[in-house]
Amino acid sequence: MLSMKTKYGLKALSYLSKQEINVPVLISDISESESISKKFLESILLTLKKNGILASKKGKGGGYYLLKKPNEIKISTIIRILEGPIAMLPCVSLNYYEKCDDCTSEESCSLNRLMVQVRDSTLKILENKTLEDFHCGS
């Protein structure tokens, strides 16, 4: 399951993707609109800023805004930033691979083979969805 951090991050980014391009949005506006604690939201937005998804402007007219167009920001990228690996096991992760401590052979592990299929199916969707897909048809 996605953590609340990732869920709220996706909701906040979806909100920002519907705003005017390069126009900063106040944290309080996002917080109120999406029912997210302002303090928790600040932490999430800062993480997204540090990872090149958002930029911010201080002072009057300040706030956060997307650095790229919504159709250029993959959902898989956001999940990896906020959640970490998409794979359900470390031995099948593409970006965070680790051998499982209790595994003698990944090649003969039936769980490994199943989780590779789950990872690939999940990535097929998440790599092909962007923030723009969150509000198409709305």
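The model is predicted, so local features need pLDDT of at least 70 and side-chain atom pairs count only at pLDDT 80 or more, while totals for chains, interfaces and linings use all residues. Residues are numbered from 1 along each chain as its sequence is written, and side-chain values use heavy atoms, with hydrogens and water left out.

Colleague: Which pattern does the protein chain follow along the sequence?

Modeller: Helices (H or I, at least four residues) and strands (E, at least two) are DSSP runs, numbered from the N terminus. The protein chain has five helices and two strands. Read along the sequence, the pattern is α-α-α-β-β-α-α.

Colleague: What percentage of the 138 residues in the protein chain is buried?

Modeller: Buried means under 20% relative accessible area, exposed over 50%, and partly exposed in between (1.4 Å probe, protein chains only). Of the 138 residues in the protein chain, the buried share is 39%.

Colleague: Which helix gives the most to the lining of the largest pocket?

Modeller: On a 1 Å grid over the protein atoms alone, a pocket is an open set of points where a 1.4 Å probe fits, with protein on both sides within 12 Å along at least five of seven lines; lining residues have an atom within 4 Å of a point. Residues lining the largest pocket include Met1, Glu83, Val118 and Arg119. With four residues, the most comes from helix H5 (residues 110-126).

Colleague: What is the volume of the second largest pocket?

Modeller: Its lining has 16 residues, with Glu20, Ile21, Asn22, Leu66 and Lys68 nearest the centre. Strand E2 supplies the largest share of this lining, three residues. Grid points are joined across faces, edges and corners, and a volume is the space filled by probe spheres set on the points. For the second largest pocket, the volume is about 150 Å³.

Colleague: Is Arg80 buried or exposed?

Modeller: Arg80 is found in helix H4 (residues 75-82). Its relative accessible area is 17%, so Arg80 counts as buried.

Colleague: Which residues does Arg80 touch, not counting residues up to four places away in sequence?

Modeller: Contact means heavy atoms within 4.5 Å. With residues up to four places away in sequence not counted, Arg80 touches Ile86, Asn95, Tyr96, Leu123 and Glu127.
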